[in-house]
Amino acid sequence: VSGVAEDRSGNLYISDATNKRVRKISPNGVITTFAGSGRAGSDGDGGPATAAALLSPAGLAADAEGNIYIADPLALKVRRVGPDGIISTFAGSGQFNMLPQDGMPARDPAIAAVSVAVGPDGTVFILDASVCAVYRVDRQGRIFIHAGRPELTPSSCGFAGDGGPARNALLNPANLFANTPTIAVDRAGALYIADAGNFRVRRVDPNGVINTVAGSGEVGTTEAFPLTPARSARFLGPQGLGVNANGVLAVADLRSVVAVAQGSAARVAGNPAATEPGDGGPALNASLTGRGLAIDRLGNILVADSDNRRLRSVLARPPQISASPGVLRFTAAVGGAPPPPLALAIGAETPGLAFTARVSGGGAPWVKLSAAGGVAPRVIDVTVDPADLLQGTYFASIVIESPNANPPSRTISVAVTVNPGQPPRLAVDRENLSFTVPRNVAARSQTIRLDNAGGGRLEFRAEAFTNRGGAWLRAAPSAGTLLPGRPQNIEVTADPSGLLPGTYTGRLIITAGSETRVIPVSLLISRNDRVILLSQTGLSFTAVAGGGIIPPRGFEILNVGRGRAEWSVSAQTLDGGSGWLQLDRTEGFSDGPPAVAPRVEVRVNASGLAPGQYYAVVTVDAPGAANSPQVLTVFLEVLPRGSDPGAVVEPAELVFTTLAGRSPGAQEVLVYNIAERPKTFRSSAGFQLTQPAAGARIANLPSDAQLSVTEPNRILIQPFVGALPVGAHSGTVNLEFTDGRVLPIRLRVIVTGFGTPRSGWAGRPAEGCDASQLLPAVISLSPSAQVTPGWPVPLTADVRDDCGDPLDSGAVEVSFSNDSSVVPLQRIGGGRWTGTWVPRSSTDQVVLKFNAVDQSQRLRGEQVVHIGTRPRQDPPVVAPSSVVSSVSPSPFTPLAPGALISIYGERLAEVTQSFESGPLPRQVGATRVLMGGIPMAISFASPGQINAVVPLAINPDTIHQIYVRRGNTASQPVNVDVASAQPAVFPGPGGEQRQGRIFVVRAGEQPVLADTANPARAGDRLRILAAGLGLATPSPEDGQPAGEGAVVMEPVGVTVGDVPAADVTATLLPGLVGVYQVEAVMPSGVQRGSAVPVVVTAAGQASPPVTMAVD
């Protein structure tokens, strides 16, 4: 890069000789090709400049009419590009034919132009260093000698003529170090010449008299202080020149920039001894190699830094630094847990601007900052700790200081309102636990997190109970103390040893003070050794009509059983045609238990799609697995043309592990520009250190670039550890885009002690490292990312301990500041954990907390991410706790083939319609419900509820998926447990839940309800209406009314007041769907009462108790 110019609109132009192009940078930072196709040549006149050929574009200039002039010395021409983008030859013949003579047409002679400048009257000046002369071209297109004695002999170059006519002077514009000299013109029409071979800058006044304005003719450098008489200054080889509106001359002198004004000279930028580029710091500390130079409308000096291959700016005024938001408000309670942290974004006009951050004064120790400074752009987490605060409102200030900024400091207000203390309150992160295993496997464990959501101390006790199968469930620890903000984990273990295939249920009862929580637990032991799970239940994509490339998404296929599960994958788009969704593989296998699960990558192509929402379903069929098929839903939103949702960076966080003193290798991130137009970014990088560490730095290449819209943009990031001490260190690479957005890429660098790396994996820490904490790295979400309520959001974390070892046991879960739900993540191997979150509401900011625990090693750790939300979308939404038995609606109770269930959610159907008898439809309006890939018979549908029948062909003792399709939309699937049977007794008339629909049948009398008016007596025949008893034979089709004599296949039992009844039979009730009739003889020995409990059992499962009256 040697040529720089600015036009009247503020666009910058730079000569890119290597690529044989001239590039244009718009005021908002977007770079495009302005001239040159990349071909070597000099043709293309009369056509678009971007289609023309250039040989060696060098100096550039702009006139007041919008023309851009391009000096092309090897082509022996000066080209001109008009405001219409059409290129032509302005001067030079392109042939070695003759030197210019006064008054001849400018296009006739040979001119090896290296620089060009335009005077205030439109005169164009051209420097031909090969003959050591400057020409001028008037507005009539005639050329004249302006300075020097152009001849094709060595005697035409030298030094002579100061004080006389410039036409008689000798010039020597080039030397060994400076081979791209330039010229410049001031507002008065005076011409300045970089006379590098004479180590001077010469000036030709409007009367044609030449003089030296700077430079002694001796080789050297000019210091910043004190000021040097301009004609005593020393240069290495002045090249780029620029003159501002006040007549100040700027000179690019290889390793520095020198300013000349009022007879004095001083170095204003560059330090020959510097080794770092120095962006964001004082210009005098920067390392640069200046060739081309220009001064823009704001007075900033623009330097073409050839060695660093970038255009640098020496600002005329200090850059602004910003901090947002200006006020941080927290709410807490006396003695309560700290509120979620808030993000403070530090920005600057120029990247790399160093700053410090501190809490003003010493009176606010309750305010903590995640970093004490860094370089902008940067995001700092601000937290408050109310532990020592009484009720009231407290104020503090955060001061951001940057000596090189304007203003040099910013103050941010912090306010925390401390409300009255709350009593201790138990919070449990899980509503249920489900274990799905094959036969004869080792015990499996999951984790439940307990917290004190109030204040004070809270003693807890945890007890495990099972309904059958012995003591297969246990929990540890069984007791403890909960303090606000200090959660405890309970490891819940299910041990299937010695149990036959089937579904086993139990419960974990947690008691804390006056509160009791019951956590249902299911253990499903499948007859089939293979059980598949998908790491995601939904994928969402955002595109822009006519926009750039969309980041791919993916999911893993896990076999949580054993053996090999072969599978195939297919995709069905629900609208928009079949071409917008592609899979990178359609078949494969998963071994169980998995070391690392195989991944399927999903890509979308929005070309040709109109703005709107589109849906698809991906199905994984594994014929040898117990719970095949498994599905996930795909959501695509195409935004209107011109939209810009921002760039996407993947992964959002990198983890490096290395030995002390040894820097790890580089890793790659991909930046996707999904907008319609290119954009550029600039970056800053650094560690977040409390103490300096010599040599510790983070490098990223490129550090600034234009983002392509047709392919991912790769950035290599490498930390250099220098003297970083042993431990875990955080760092950030901040990408600041031309649209004003800032995306931080988080880094976690784990440095372990000196030693021999462990075998098997390069970069592993030394033997003997003792881990003390877990370090979750969130790789799927960038801070400040935007998510859409109602659409699935992938949550993926790379979890390692501070010895660098991956977490492949224990548990990882995610909690949310705007939702009480918790998403447990599934282990996919290699320390990766993943899951799916469906946001339910829109808020300005959501704080996600990733919690990791390894109970066996007593390790834990967390990571916090702040994100925002977009307007919500309208797909059907079903929560996992909202699929229940219609007869006994208890969340997380296993379902059974043929059972009547209710599904609660949002936007499930567009109509409200019920069906009293069969056959039941499989679609109501535009709504269908699928379970295990089978359409379910529907008895009722409304926007908020669907009643349906579990397919009879569903495979029991494992987990299955249910999802809702409404027209061209689809919900995210939810997992449900399925047992062979799950009995439930219908409630009595009027919906009385305790009184069961149990009738007394006596000879010669009509059946009557066994209530207080008609109590049952020993020997009476009982008729009980129930659901969920499983398969019967002969079996009706799904949704069809039962015929006569359909006998339940599983053994059924009845107890009344804990006394078994005799002569029990169970059949499907003829003419109805999913209703069973159980008959039994009322046993003797039952204690009399108006509410005697009755329980129906089948396949080892017991119904929730109902009551009847007994005499």
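Select Cys803 to begin: in this predicted model, Cys803 has a relative accessible area of 1% and is therefore buried, the cut-off for that class being under 20%. Colour the flanking strands to see what is joined: Cys769 sits in the loop between strand S61 (742-752) and strand S62 (774-778), while Cys803 sits in the loop between strand S64 (793-801) and strand S65 (811-816), so the bond ties together parts that are 34 residues apart in sequence.

How many disulfides does a search of the whole structure find? The search finds 2, and with bonded cysteines counted along the chain they follow the pattern 1-2, 3-4.

For the other pair to visit, select Cys132 and Cys157, which are joined by a disulfide with an S to S distance of 1.8 Å. This pair links distant parts of the chain, 25 residues apart, with Cys132 in the loop between strand S11 (124-128) and strand S12 (133-137) and Cys157 in the loop between strand S13 (142-147) and strand S14 (183-185). The torsion about the S-S bond of Cys132 and Cys157 is about 90 degrees, so this disulfide is right-handed.

Next, go to Ser93, which lies in the loop between strand S8 (87-91) and strand S9 (104-105). Show side chains here, and look for the polar contact of 3.2 Å between the side chain of Ser93 and the side chain of Asn97. Leaving aside residues up to four places away in sequence, Ser93 touches Leu76, Lys77, Arg107, Asp108, Pro109 and Ala110.

Finally, display the strands of an open sheet, in which 5 strands run in the order S71-S72-S77-S76-S73 with antiparallel pairing. Its edge strands are strand S71 (877-885) and strand S73 (913-914), each of which pairs on one side only. Within the sheet, select strand S76 (residues 937-941) together with strand S77 (residues 945-949), which pair in the antiparallel sense over 4 bridges.

Technical notes: Residues are numbered from 1 along each chain as its sequence is written. This is a predicted model: local features need pLDDT of at least 70, side-chain atom pairs count only at pLDDT 80 or more; totals for chains, interfaces and linings use all residues. Side-chain values use heavy atoms; hydrogens and water are left out. Helices (H or I, at least four residues) and strands (E, at least two) are DSSP runs, numbered from the N terminus. A polar contact is a pair of N or O atoms within 3.5 Å; within protein, one must be able to donate a hydrogen and the other to accept it, and residues adjacent in sequence count only if both atoms are side-chain atoms. Contact means heavy atoms within 4.5 Å. Two strands pair if DSSP finds at least two bridges between them. A disulfide is a pair of cysteine sulfur atoms within 2.5 Å. Buried means under 20% relative accessible area, exposed over 50%, partly exposed in between (1.4 Å probe, protein chains only).
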